[in-house]
Amino acid sequence: MTTHARVLDYPESTLPGMIPHEAELTAGTRVEPGHSYGFFTDTTLCIGCKAFEVACKEWNALLADDIGLTGQSYDNTGSLSATTWRHVAFIERLSNIQGERATTLQPFQSNWLLMSDVCKHCSPEPCLEACPTGALFRTEFDTVVVQQDVCNGCGYCVPACPFGIVALNQADGKAHKCTLCYDRLKGGLEPACAKACPTDSIQFGELAARHECAQQRVEALRAQGRDDAYLYGTPNAPGATGGIAQLHAFFLLTERPEVYNLPATPTLPSTRLAPGFLAGLTTVAGLVLATITVFAGRK
Amino acid sequence: MRNARAPYGRQRVTTSLSTDSDRAQPLALTAPGDQARETAFPQAEARGARKLRAYDGETYYHRPALKPSPYGWLIASYFFVGGLAGAAQLIAGIADVCGHDDDPPIVRAGLYMGLAGILLSPVLLIADLRTPRRWYNMLRIFRRTSAMSIGAWTLTGFVLLSGIAAGAQALYVRTGAVSYGRIARYVGVPAALAGGVVTTYTGTLLAATSTPLWAAGSRLLPALFSVSAATTATAALSLVTQPKATSASAARLDTLALMAGGAELALATTLDRQYQQQGVVTPLQQQPTATAYRVGFYGLGVLTPLLLHSIHRLMPRRSRTVSTLASVATLVGGYMLLSVLISTGNASAQRPDDYFQFIQPRTATQPQPQQSPLALAAQCQQAVDTLKQALHESPSCLGKDVDTVEQIVTRLRDSLIQRLRRTGSSPEATHWQTALRRINAALSLIVGVEYPIAGIQRSAIEQASATLAQVLTDGLLV
């Protein structure tokens, strides 16, 4: 990425105040209402440094989860939760099935698969569709956010999410998930995780531009011999199935999605609503008929 | 040779449940001979994307890929109370409109049961919210894609209509004014209809989630829930009207109970078969849920009432005891069903294998060529032989042999797991499960052979070889 010309306007290390449209300098894009924004997470660039986890926790003032060891590689965060909105998965691929240790390096940095997981900000959005209070809404940046002052903690968005992202915080009784740093976007800043990422594995930007960028990266990797690289969550690709048109946080993967704990073909739960009601109401009609048959008589 | 002494090189052995054919080139997205099982994404392929290789049961450290719902006994109780009240209102409404002269006790009981239900249901629902003081936000919007929003509004309608009907009925009984009776009757009809919806939307609410066990029954759950509500409502009406109802009127309720019970049995068995086919049945087969489901729901809630009602019909005189027993059994069984389905749904959300398997496109789960038991036994024999050979070798050769055995045993274990997945509860399954446990134990021993810095653990090899040999002599792989 080339440096933006405006960077030269701010040579000091201590700034007098906020830089207008800071995202233009750090992510190469202005953040303006009415445009679609999202994350492109390139797993081949991730080094598992967890800087984004820290940045996310710091900015959003999220409490620490269990600080124990899981014994599952270096993944001691485990999973996304109400207080963890970014999480890196560590998948170790040091030897192949014949037990041969790799002697050549991959076209990217190692034989580890590292994936920084986050809320996918799906479109259409299963959690929003399930929310009976309207607490979940689509913002002017085309992201999905829970309004904390509306949510009453019914918890229906939790089983609705096909990626297992949304979670209830028992302490405050509300549902929580990644907001794609809604407050930062409002202030013209890029999300904390993307800004903190030292390898540009997490790239924030306008969705269409990110799609293009991601496609180029896939082609570049293929040219280098990694012909198993593919995109997850772009329209008509794995991850955008069953009524889900696309994911606003999409990924470049090199293994099957399940390896990263992602479903290959998630479905939009609300597609099961009409068939369910049809079957249920038909049964009720049957029960009514049966009751009439049994009870009908002369008054 | 594998530089396998690095503990992190063990990933494949310890976490992947793979078939051999897919693993020839571990990182390739397509495997030869798997054309039918590949996941196709035509438009993505047009842009040059490869087909995904077939899913072979991998997970991320078996960590859940979904979050379980926060629903527990409060929601199960609401489903029970709301369903019962709704169905009672429905039955009362029908008996009122087209019933016999001796049916009014049933009509009254149904109205008051509806009243009890509408008083209790909101309490249960609000108590289950994590922020109960904001319960009214449920009525802030209407969202047609949310079963819970539809349900909240249906329940509100039911509460209002049913409350008016019951209030008018109470006034009619007290004052004798005909106009009150008329109100009770007219409002009773829409109240009954709302009650009908209340019995079934709860099933749709569960089905319209990503939880595998609930999504797998997207049509059958709503049907089963409304039929179950009908059986419990009939049972409750029968219990309450026992002292007042004429024997003809009580017999009509029993007939309805018999019909609804038969339908419940048919729906529940169909649902079970569907769960089996979709590969999500495991949480229902785990103890203590399995007992609660089989004995509590099927035994007590369905078969006992069906049997008692059938006997009752053949008896020359009506027996209060038989009728009461059947009703109590139905009520207990009805609650069991809801409580089991909610808790197993939550368990199912935490089983990544179930979820990933369940959402594979149908073509992806075509049966694979099954390995014959003979081949499994032969593999096991090969492992035993190689281990025995390894015992008499120098450390360097031993390492190579142990690696080979590790691969053979892992493959053996994978084949067994896949076979178990395919034929959930066949009579041989217990044998295979025992075999699997022992093979897993042997695998742990083999993996541990060269781990400690102290040197090679020959005793572990001996133990593993003995365990595998025992599997063979017990004939567990046949």
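1. Burial is used in this note as follows: a residue is buried under 20% relative accessible area, exposed over 50% and partly exposed in between, with a 1.4 Å probe and protein chains only. A:A61, at 66% relative accessibility, therefore counts as exposed. A:A61 also has a positive phi of about 55°, although it is not a glycine, and its place is in the loop between helix 2 and strand 2 (86-92) of chain A. Helices (H or I, at least four residues) and strands (E, at least two) are DSSP runs numbered from the N terminus.

2. This is a predicted model, in which local features need pLDDT of at least 70 and side-chain atom pairs count only at pLDDT 80 or more, while totals for chains, interfaces and linings use all residues. Residues are numbered from 1 along each chain as its sequence is written, chains are lettered from A and ligands numbered from 1 in the order in which they are written, and side-chain values use heavy atoms, with hydrogens and water left out.

3. Over all chains, the structure holds 20 aromatic pairs; rings of Phe, Tyr and Trp (its six-membered ring) pair if their centres lie within 6.5 Å, and planes under 30 degrees apart count as stacked, over 60 as edge-to-face and the rest as tilted. The pair of A:Y37 and A:F141 is edge-to-face, because the ring centres are 6.1 Å apart and the planes stand at 65°. This pair links distant parts of the chain, 104 residues apart, with A:Y37 in strand 1 (residues 37-42) and A:F141 in the loop between strand 5 (136-138) and strand 6 (144-146) of chain A. Both A:Y37 and A:F141 are buried.

4. In chain B, the aromatic pair of B:F297 and B:Y298 is tilted, with 5.0 Å from centre to centre and 55° between the planes. B:F297 and B:Y298 are both buried.

5. One aromatic cluster is formed by A:Y37, A:F39, A:F137, A:F141, A:Y182 and A:F204. Over the ring of A:F39 sits the charged end of A:R86, 4.6 Å from the ring centre; for such a contact, NZ of Lys or CZ of Arg must be within 6 Å of the ring centre and within 35 degrees of the ring normal. A:R184 likewise lies over the face of A:W59, at 4.5 Å from the ring centre.

6. The backbone also deserves a look. A cis peptide bond with omega of about -5° joins A:S123 and A:P124, and A:P124 has its place in the loop between strand 4 (122-123) and helix 3 (126-130) of chain A. Another cis peptide bond, with omega of about 0°, joins B:Q287 and B:P288.
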